[in-house]
Amino acid sequence: MRYILFLILALLLAPAFALDWEDQQLFEGNNGTQTLRVISNTDTAIFAPVIQSFLQSHPQLNIEYNVASSANVYSSFRSTPDAYDLVVSSAMDLQLKLVNDGFAQPIEDIAHPAWAKWRRSLFGFTLEPASIVINKAAFKGLPTPGSRQEMIEVLRENPEAFTGRIGTYDIRQSGLGYLFATQDARVSETYWRLTEIMGSLNTQLYCCSGDMIDELAKGTIAISYNVLGSYASARSDVADKIEVILPSDFHNTMMRTVLIAQTTQKTSAATLFLRHLISSRWSKPDTENVSLPPLTTQQDNSQRSIIALDPGLMVFLDAMKRKTFIDEWESAIIQQ
Amino acid sequence: MMSKAAFTSGSLRYRLAVTLIGVVAVLTLLFYFVLRAYAAQIALQSQDNILNASVTAILDAAIIRDGVVKIDIPYAAFSMLNTETDDRVFYAIYQNSSLLSGYADLPFPQRESRMSNTYKSGVYLGVAIRQVTASRVLVGGDIRTRITATVAQTQDSLSGILQRIARNAALYGVGFFSLAVVLAIWATSSTIDPLKRLAESVARRGPQDLSPIVKPVPSEMTPLVSSLNSLMTRLDKSFSQSEEFIAEAAHRVRTPLATVRSHAEVTLQRVDKEENRQALRSMIRAIDESSRAAGQLLDHAMITFRANQLEYQAIDLVELARECVQRLTPMGDMRDVELRLETDTTVLVSGDAILIQNAVRNLMDNALKYSPVESVIIVKVRSEPSPHISIIDQGAGFPSDEMHALVARFTRGRNASGTIGSGLGLTIAQDVALAHDGTLNIGNTTEGGACVTFSF
Amino acid sequence: MKYLLIEDNKELAQAVSTRLRLDGHVVDHAESYADAILFSDNGDYELILLDIMLPDGDGRDFLAHHRSQRRDTPVIVLTARSQVSDRISVLDLGADDYVTKPFDHAELQARCRAVLRRKSGSSQTITRLGDVELDPVAGQLSVAGQPLVLRNRELRLLELLINSPSKVFSKQKLFDRLFAYDDDASENAIEVYIARLRKHLDKSSLTITTLRGLGYRLDDE
């Protein structure tokens, strides 16, 4: 039934948006009458439990869940803002720019820490660190890199073992990859040295964390850099094959953010969903399969470098800046 | 029952206080608006400074590499624009007049001077923004080009700050105003006080005290006080003159009357012819009647004069009644009429002793006049229900048909003309009672005697 | 009784003196403040009648002098003033009573008696006739040693008769002397008082004889 509905929906939407959807799904409440349209870059498999726990308590609603890459989420929403009610994305800079440019609706009376929201419009609801993920088998006999410096050393000393077997985001495609890269570059020069090494070892570039984790599990690649640890932890099927490492020197932590479209007619329903997301009710220990790490104020966040929601994020979105950065990155990572 | 209130045209204190408070209110409002405007200017200036720093940072990052302008915007250029209220940030960078990057539709201000930065308030995407624009000339190789950067920011934080400042300024204003009102009231009363003290000292004086005011007063009040003093001097003179005149006139008239009366009495003892005796008796009666009438008229005049300025003092009515009884006992003896006093131990009232004594004496006089020979007049002084003196005789009482007329005359007030004898005596007592906010009740006892009650 | 009359008006003084003498009193007359001081310092008076307005000094000054000499002779002020405050102040200065001019002689006598009664309780001059003694101030009659209190009019009637024993008094004369002039009592009232006196004197040596058409006469047996 759901499949048929999805097909109908897909057929209806297809001509309108020549978009490269990764997934489109309709989640129905028990007696859903109103449908919230969500555009997101989070894999359906990971996000589905969150939606389902919402529909359990709000059976009068349906949720149409559209998945695209973060760059596509941004551009698609920007070009047709009234086609969606909520935007969920891990690319904080793009989300912030949407708010800055007036695409989001301010929602009053939401109790949320100031560092996790912007203009009462953009709300962070997860805390997800950028990690190094390795294939355990591939590192047999090799030291497990605990930091970027150790990773550089292990790559430099074992080029034959890693040539063509390193993975990272293609920051030209992935908004999140670009965000992690630019934030890395801000913090430390180590990033460029690591990129140089990775470039010299013919690093494979990926659009998404999911793909990288698949390849890691298969053993095609031995190590990947700046992967979302949360995605890796979510994959119980590959848990015994891979290991998630948080670099000890520093690790950028990203907030998955949500905003409500300025043009939506369903503000109150959208606000219900927004409240559900930031309440972290969806992450009850008994809810299996959910592995997005919720943003809670109880945990100690002082050791993390959480990417700040401030106008600085827009600097790397500047066309010239972006071109400069990507030129530099390309010349480092693509050396053939 | 004191002297009539003067006509008033507003209160000096009120006028002074209102003027002072009005001035304070105007000053407070002025203070509030000036403070707010000044605060707004400072807040705007601090926003301008940050925007300026941001623009400068962007321009500083501009370089020409391989003949192409590159600008590596520093992260801090936008990060520094972070505010508490998460203000939105817009920017645009132009090379000469072509857009390099940023918001193409951001209004680009017409620059008056190429040297100094331009500050401008405007509207973008429907919201108020503050915009700073600056430019810089880049020279590289044979290229010489002008880079212009403009950075704009919304003003949520600014208006938040302004609101806070306005609220605080209003609070300070209210505080300042309240303090100033208290001070104004204090200043007013300290200014008015000498005037009040003067009025009080004049009011406190007894009616006979017409001496000049010698206490020092503020210079503004000296004309008032000196004319008051001159008025009092004249009044004093005229009062003592008229008092002297009345006393002298009475003396002049009464002494010859007394002589005639005494002669008549002596003669009466010596003549035997009945018609001569009859003439002498009529003469004596006529003298007595006219002297009694003159006395009562003078008493009445004096009471009318005194009633306007009572000299209050504590009086024991029992003592007063006892004195009157003592004074009139000889008159009673002549006709074997006993004046019997029935009193509480003391009955204290506040009033003018001379007037009350006069009233009581007049009432007893009446009772004596109408009492039969060998009868009793009872004088009761009681404090309950209210202090009163009752005088009860055993005469024929008030004729019931005249009683209404008597009462009516009292309610009409001082109609003394044409009433001599008991009527005027009652009128005097009535006037005194009224002057003391008391009442005079007349009636007859069940045995038929008259009963007059003077109560406070 | 011995009176000192201080009065600057000669006519009035003469009339008052005559009237008092008619009742059997002795009167000295002082015309000025100086005379008054002289008389009062040297004579032994039972009563002083004082005019408050004197040509060479205020009567008030005399009162002050009189009281300073610690004499207890009663003073009755004769005043022509009518101001209430004036009457009061005269009493405050030490006068025993006052009468306002013009005054009724009977009233003056009544006041004199009242003042003397208050001061000493009895008269210095007690009239005796037969076995009867009369104290006109105390109003007390003593018949053969038995005291009797008389009413005022009875007393005054008896006083008249006893001062002139065996003299015939007409009804009209008695009436004029006894009753105030504003009284509307009839001459027949005299008969009532004569009857009362006869009853009081029943056991005495005195008798009152009625002389038809002439009047009454008091005789000692």
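Author: Start with a term: a helix axis is a line fitted to C-alpha atoms over the stretch in contact, and angles run from 0 to 180 degrees between N-to-C directions. One caution: this is a predicted model.

Reader: At what angle do α8(A) and α12(A) pack?

Author: Helix α8 covers residues 190-200 of chain A, and helix α12 covers residues 319-333 of chain A. Their axes lie 7 Å apart. The angle between them is about 45 degrees.

Reader: What is α8(A) to α12(A), oblique or roughly parallel?

Author: Angles under 35 degrees count as roughly parallel, and 65 to 115 as roughly perpendicular. The angle here is about 45 degrees. That makes α8(A), relative to α12(A), oblique.

Reader: Which residues of α12(A) meet α8(A)?

Author: Look at α8(A) to begin with: it brings W192(A), T195(A), E196(A), M198(A) and G199(A). The residues of this contact are five nonpolar, two polar and one charged. On the α12(A) side, the partners are W329(A), A332(A) and I333(A).

Reader: Now the strands of chain A. How many residues of β2(A) are buried?

Author: A residue is buried if 20 or more other C-beta atoms lie within 10 Å of its own. Strand β2 of chain A runs over residues 34-40 and is mostly covered. Of its seven residues, the number buried is five.

Reader: Which residue is the bridge partner of R37(A) in β3(A)?

Author: β2(A) pairs with strand β3, residues 61-67 of chain A, in the parallel sense. Seven bridges join the two. In β3(A), R37(A) has as its partner E64(A).

Reader: What hand does the β-α-β unit of β2(A), α2 and β3(A) have?

Author: Take the parts in turn: β2(A), then helix α2 at residues 44-57 of chain A, then β3(A). Together they make a β-α-β unit. Its hand is right-handed.

Reader: Which residue in β4(A) stands opposite S40(A)?

Author: β2(A) also runs parallel to strand β4, residues 86-89 of chain A. Three bridges join them. Opposite S40(A) stands V88(A).

Reader: On to the chain contacts. Which element gives the most to the side of chain B that touches chain A?

Author: This contact takes 16 residues from chain B and 15 residues from chain A. On the chain B side, β2 (68-71), α2 (75-79) and β4 (98-102) each give two or more residues. By class, that side has nine nonpolar, three polar and four charged residues. With four residues, the element that gives the most is α2(B).

Reader: Which element supplies the largest share of the side of chain B that touches chain C?

Author: Here 34 residues of chain B are in contact with 35 residues of chain C. The chain B side divides into 14 nonpolar, ten polar and ten charged. Among the helices that supply at least two residues are α4 (222-270) and α5 (274-307) of chain B. The largest share, 15 residues, comes from α4(B).

Reader: What percentage of the residues in chain C is buried?

Author: Chain C has eight helices and 14 strands. It holds 221 residues. The buried share is 40%.

Reader: Which residue in β9(C) stands opposite L129(C)?

Author: β8(C) and strand β9, residues 132-135 of chain C, pair in the antiparallel sense. Facing L129(C) is V132(C).

Note on methods:
Residues numbered from 1 in each chain as written. Chains lettered and ligands numbered in written order. Predicted model: local features only at pLDDT ≥ 70, side-chain atom pairs only at ≥ 80, totals over all residues. Parallel < 35°, antiparallel > 145°, perpendicular 65-115°, else oblique. Contact = placed C-beta atoms within 7 Å. Nonpolar A, V, L, I, M, F, W, Y, C, P; charged D, E, K, R; others polar. Buried ≥ 20, exposed ≤ 12 C-beta atoms within 10 Å, placed from the backbone. Pairing = 2+ DSSP bridges. Right-handed = clockwise from strand over helix to strand, strands pointing away.
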